[in-house]
Structures are given as C-alpha cells and as structure tokens.
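Subject: Structure for you to look at

Hello,

Here is the structure I promised to pass on. My notes follow below it.

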Amino acid sequence: MNDILEGLKAAFFMLVSLDPDLVEITLRSLQVTLSALVISSAIALPFGSWLAIRRFRHRRATIAVLNALMGLPPVVVGLTVYILFSRAGPFGVFGLLFTPTAMIIAQVIIITPLIASIAHQSIRELWAEYHDLLISLNTSSRQRIAALLWDGRRALLTASLAGFGRAIGEVGAIMIVGGNIDHATRVLTTAIALETGKGDFALALGLGFVLITLAIAVNLLIHGLTRTESGSRW
Amino acid sequence: MIRAIALVVGTLAAMATQSTAGELRLAVTTSFYNSGLSEILLPAIQRDIGLEVQLLVVGTGQALRLGEAGDVDAVLVHSRAAEEAFVAAGYGTHRREIMYNDFVLVGPASDPADVSAADTATKAFQRIAEAEIPFVSRGDDSGTHKKELALWSAAGLETQAFGRWYRAVGAGMGATLNTASAMNAYVMTDRASWLNFGNKGDLALLFSGDPALFNQYAYLPVNPARHGHVEHEQALALERWLTGPRARDLINGYKINGEALFVFNATDN
Amino acid sequence: MVTSILPLTFRDATVKRRGKTLVGPIDLALAPSGLTIVLGPNGSGKTTLLRLMHGLERLSKGTAEWQISDVEVRRRQAYVFQTPIMMRRSVRDNLAYPLIVHGTPKAAARAQAWNWAERINLADAFERQAPLLSGGEKQKLALARALIRKPEVLFLDEPCANLDGRATREIEEILQEAHASGTRIVMSTHDIGQARRLASDVLFMLKGRLHEHGPAQAFFASPETPEAAAFLNGDIVE
C-alpha cells in the first residue's frame, strides 16, 4: 500500500516538474503508438468495412481468422518481427531493428486485427440496417462504403480507440524489437518494466500512473474534438 | 482535423533514427546494467571520445545471439566459456578482459540454512540443498546462471534432482531478486546488482569473499568479416577507452554506500 | 421526350425461398399510368410482390421485363418501406442524400431538401437527427426522400400501417399530389378504406397469387371472386 502512495507521489512530482526524461519517454510512447494507430486504422477500417458488405466464397473463414488474430500474443509478434528484421534475417538490410520504426511495425501487426474486427462488427450491423435503402437508391459499391463509414464513424472511432488502448499499454513486443535503449527506444511501458526489474516499485508505479493519465487524456481529447457525447448526436 | 493528426504523426514517425556515425550498439548483461556503472561510464565516453553508446540490456545468452546476428556492434558479458566459443566460431574478433566484481549469496535475514557460517561457497550451497530452503535461480542461461550451476556442480549436486525448493525463474537479475524478496528465499547475485536493488525486503547479504565467486567481465567486438555493417572502428575506440586510465579511475572509484563494486583488471593488449 | 420504363411485364414470375413459394406464378402487365393498390390479407405476398417489382427480390422462375434495359431502370424508381429506414443523419441530409448520390451538387441538393421539408411540415426539424423523429414524421420524411428525385414509379409497402389518422391523412395528401403530377404509384395496404380512397386500379393478392385485378370502381362495386367479396366485407380470408 505504501508503494502505491509513493507511486502517486512520484507521478505527481514528475508531472509537475516536467522531468525531462519523463517528457522524452512520454513523447516517444505517443510517437510510436499514434503512428501505429494511424497506420493500423488506415488498413483496418476500410478492410473491416469492406468485409462487412462484400460476399465472397471464404468470407466466414476470413472473419473467423480475423477474430482469432485478435488473440495474437504480443510477445510472439515481437519475437517474429525481431527474427525478420535482425541483421541475420530477411529484412535485416533495412537496419530497422532497435528503432522506433520496428516498434511501430510490431504494434501495427498487433492492433490491426483488433480494429478491423470491431469495425467489421459495427459496420455489419449498420449495413443490415441500411441494406434495402442503399440498394433501392441504386448506390454504387463505393458510395455504400462511404455512407457506412461516415454514418458509422462513432463506432469506427471506438474501434480505433480500442486499438490505441491495446498499443499504449503494450510492452512485450516493443521490448524485444526496440531493445528499451535509453534515449532511443525507451517508452513508458518499457521504462516501467525496467524500474520494476530494479526493484524501484515506487518509480515504476509513478510511471504507470503517468501512463494511465496519458491514455485517459488522449481518449478525452479525441472525444472532445469529435463532440461524441454532446447533445443528441449520433 | 484528420489531416492535422496525420501531419503530426507523420513528422514524429519520420524522426525514427537508425544507428549513425558516432553511435555504437553494445549488448550488455542485466547484471552489469543493474550495478548502475553504465550511468557513470556512458556520459564520460560521450565526452571523451564523442561516442554515443546505445545499450541493449539483455541476458548473456541473448547478448551473444545479438552479436552472432550482427544486430549489435560489440558485447560485454561475463561468461568465459561462452565468450571463448563466440570468438572461436568467428563471431567476435577477440576477447578483452575489462574488470571483475564478485557474486554474493543473499537470503532471509534469519539465515535458516546457516550459510554465513560456511567457509566456502560450495559448502554454503550444500547447506542450502540439505536444508531445502527455497532458492531462486536465474534459470536463463546467463553468465550468473552458468556460474551458479558451476557451483552446484562443484558441490557434487545436480539441479535436475532438486525438489520444489529450487525455483528457476528464467529472468534477469532484477526480476530474480524481486522474486527472491517476495518469497524470502536464497539467491545468488552479483554484488553490484544487490547494492543497487531497491526492494530488499527481509533479505540480507549472508556469504561472500570466496574466490570461486569471482566474476570477470569481458568485451568482445563483433567480427566485421562476418557482418560488414558493424561499426568496427567505433568498437575498437570504445575498447581502447574501456582499457584506458580514465575507465580505470571511474570503475575503481565507483561505490555504492561507500562500497567499491568493481575492480579494473584490463591489461595491455 | 424520355421513354417511360413502364410497362413492367411479369410472365410466369415466381419467388421461392427455401423450397416454399412466396409469390407466383404471376402474369401481369403494370400499365404506364395510374395509382395501383395491392390489396390482400396478411401473408398474401404483397410485400414480396412489391419488392420483386423494385428488384429487391430475385426471381426463381419466369421473367420480369421493364420497357427499357436494367441499368437505367432502378434510377427511375423509388421505394418507401413499411418501417421507415432512416439514415443516422439530419432530416436535411436524409433528404439530400438521394440527390447527392446521383450527382447533384451539395448546395442545390440542400436547397431542394429545404423545399420538401417545408412541404411536409418538417422545416422546424430540418437539422434534427432523423432517427429521433416520431413514427409519422419518419414516414413523411421517407416519402419526401423517395419523391425528391421525381421518380417515374413509386412503390410503397403499407406506409401507413403504424400511423395515426392525422399522419395517414398527410401521407395520402402527398400521394394524391404526386399522382396528379404524373408519378406512377404502386402501393400495398390492408386498409380497405384507404384502398377505396386512393386506387385507380386494384391487384388483389391471395396466397401469393394474383387472385383478381381490374379497375378500382368495378372491383369495389362488384368483385368477381367470392374471396375478394368476403375480404371487402371484412371477413377473414385465408
């Protein structure tokens, strides 16, 4: 219990004094996770929506696989990305290992299935609602997707934010592919792991509280910017 | 608004850098890192020879693997047999001893196996095995782990035959110490990690001083003949510094609570 | 002068699902003008017939042919569903959507949307989210949305089934106006009074077949079949 109080104190002082190391790793956490989020959303949202309205032969199997991929263990993804991008591996020539780019790649792999799956589910329900109307209005396939994406944007935002939540707290994969190098690839979660390993629980918890605050702040900001919960809007 | 976010994120993403000139990737063991010595050495290295050392803190096994794959430019570990095999297989150019510290036996302050009264490390280990008091092992094929296994072996004991009191966690030094602290168990650790450890709980240093617990650190540059991209010149520059007078003074002078941790023992090539 | 897409000719048209015949076989020619009421008890296949005409159901057997080929055809039709399908947008955007989707610039589309909103007394709710409207308001909106593109043929599937008297009257007024200005209307209902008020000709459905059809006056005055007579009498017909 004492550790928790010490942790809260540590978090408070770090935030108030804008500790430069803290600022650095916080910005890097945001850099990595937001980059991964944008890339993943760009892939997952259209794909999930497309999957919701297209009928093709192996559709059920594809949906099942997509849902299953949500359960990919991050540390396994990290290990695989490491092997692929190691100098001894097929993509080693790009020299991406132990850089934030490798961390972004690993996180994209982890959160894309999650975002796609949630997007698929909500767009599918909306499509069931709009189906007859959009066919009756003689809309093209592209127009249908556009209407579903726009009218379903709140649900898609939720899907993206779910991906964000998964990524900002992820540590296994980015520890392996990033290496937790000080001033290069250290982020909030890997720093927490490091301080825990040193037995400095108070500092680790402090960083943890900062991470939670960051996650909440980002969510609030996005909801605020998109005015999700104001008035009687959909 | 979406465009603004994309712009910001794109800029941030473009800031991802790779190793450039003036940078060196060095794989070191958790034991070395947890001692806190790198916090002293790295800034001095930057100042003296303008080299930014990027540390990857992993277990000895993983450090040597990184060297084999060419993912780092040099390796600093403490497991002589593994190091010599590394050089013999052509992954490293040579092995250069830098410094040593020692391992110590830590355990519950009440010392139920009475190791503090033992006169050798081997005897201390035997006492623990006979009393079957919980003992936490690194279990991760690291230098520390290999040293621990060598000691059990010297005591004529087979870890495979141990009962449930022997807990192999497969983790770094810090995590292992955390586990030992939580379980109030015995654990073998390097002195530096112990002194720097923040969660001691009821544990205390119970046995040390036997030369068998001697722990030699060595520096191995990765072989450029194997991996042409490694920063070999920088690796050699770092080696010169690590075996020079400045490093000697910093390493010998590094103390925690007035206790010196490392002894510089590099000799001329 | 643009060619009409009517007549729509059904020959031996049948819709089957899971082995069960929902509608058919039907032989029918939908004439180029008039306000046709599709009448019949529940389960007689009215909805399926309308959906088939509009292309929302596929034929299992037989043919359905419009006067001109398929591509143009659905563009010149519109459909109002029994339960109105509202897009999760404002009244304005719901009304403008059919126009925008077919190439009308946004400003012009919104201007037309405003005109229609005034016409159906929803000007006050112009910016309100459509799903939040009352049942009657939604159906008026659906009807306006269907008419905004000036379709040649308008299908309605029991549009007033869940509405009160006032809303029903408003809908019927709009339909009369549309019919008067040349829109071909095909509408199903099980409300005999409504059929009498609106129909120029009647299709009487029973058990998926076209049991009787003809001009409204003749049908209501003296139906040919005993089932039609019983239905008009208010009896339960199976």
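Before the rest, the ground rules. This is a predicted model, in which local features need pLDDT of at least 70 and side-chain atom pairs count only at pLDDT 80 or more, while totals for chains, interfaces and linings use all residues. Residues are numbered from 1 along each chain as its sequence is written, chains are lettered from A and ligands numbered from 1 in the order in which they are written, and side-chain values use heavy atoms, with hydrogens and water left out.

Chain A

Chain A has ten helices and zero strands. Both are DSSP runs, numbered from the N terminus: helices are H or I with at least four residues, strands E with at least two. The C-alpha trace spans about 65 × 50 × 30 Å along its principal axes. Chain A has 234 residues, and 50% of them count as buried (buried is under 20% relative accessible area, exposed over 50%, partly exposed in between; 1.4 Å probe, protein chains only). Take the contacts in chain A with a separation of 6 or more: 72% of them come from residues 24 or more positions apart. Contact means heavy atoms within 4.5 Å.

Back to the helix pair. H7 covers residues 153–168 of chain A and H10 residues 201–225; they pack at about 165°, with axes 11 Å apart. That makes H7(A) roughly antiparallel to H10(A). Axes are lines fitted to C-alpha atoms, for helices over the stretch in contact, and angles run from 0 to 180 degrees between N-to-C directions. Under 35 degrees counts as roughly parallel, over 145 as roughly antiparallel, 65 to 115 as roughly perpendicular, and the rest as oblique. On the H7(A) side, A:Leu157, A:Leu161, A:Phe164 and A:Ile168 make the contact. Their partners in H10(A) include A:Leu211, A:Leu214, A:Val218 and A:Ile222.

A second pair is H3 (residues 59–69) and H5 (residues 100–136) of chain A, with an angle of about 130° and axes 8 Å apart. H3(A) and H5(A) are therefore oblique to each other. Their crossing is left-handed. H3(A) contributes A:Arg59, A:Ile63, A:Leu66, A:Asn67 and A:Leu69 to the contact. H5(A) brings A:Pro113, A:Ala116, A:Ser117, A:His120 and A:Arg124.

Two loop residues deserve a look. A:Phe98 lies between H4 (74–85) and H5 of chain A. Its phi is positive, near 65°, and A:Phe98 is buried at 3% relative accessible area. A:Asn180 lies between H8 (172–178) and H9 (188–197) of chain A. A:Asn180 has a positive phi near 55° and is buried at 6%. Most residues other than glycine have a negative phi.

Chain B

B:Thr29 is in strand S1 (residues 23–29) of chain B. B:Thr29 is buried, at 1% relative accessibility. The residues it touches include B:Val57, B:Leu76, B:His78 and B:Tyr217.

Ring pairs link B:Phe125, B:Phe135, B:Trp152, B:Phe162, B:Trp165 and B:Tyr166 into a cluster. Rings of Phe, Tyr and Trp (its six-membered ring) pair if their centres lie within 6.5 Å; planes under 30 degrees apart count as stacked, over 60 as edge-to-face and the rest as tilted. The charged end of B:Lys200 sits over the ring of B:Trp194, 5.0 Å from its centre. That needs NZ of Lys or CZ of Arg within 6 Å of the ring centre and within 35 degrees of the ring normal.

Chain C

C:Arg119 lies over the face of C:Trp116, 4.1 Å from the ring centre. The peptide bond between C:Leu6 and C:Pro7 is cis, with omega about 10°. C:Pro7 is in the segment before strand S1 (8–17) of chain C. The bond from C:Gly24 to C:Pro25 is also cis, with omega near -5°. C:Pro25 is in strand S2 (residues 20–30) of chain C.

Between chains

Chains B and C have no contact; their closest C-alpha atoms lie 20 Å apart.

Best wishes

Key. A crossing is left-handed if the near helix is turned anticlockwise from the far one by less than a right angle, and right-handed if clockwise. Lists of a residue's contacts leave out its neighbours within four places in sequence.
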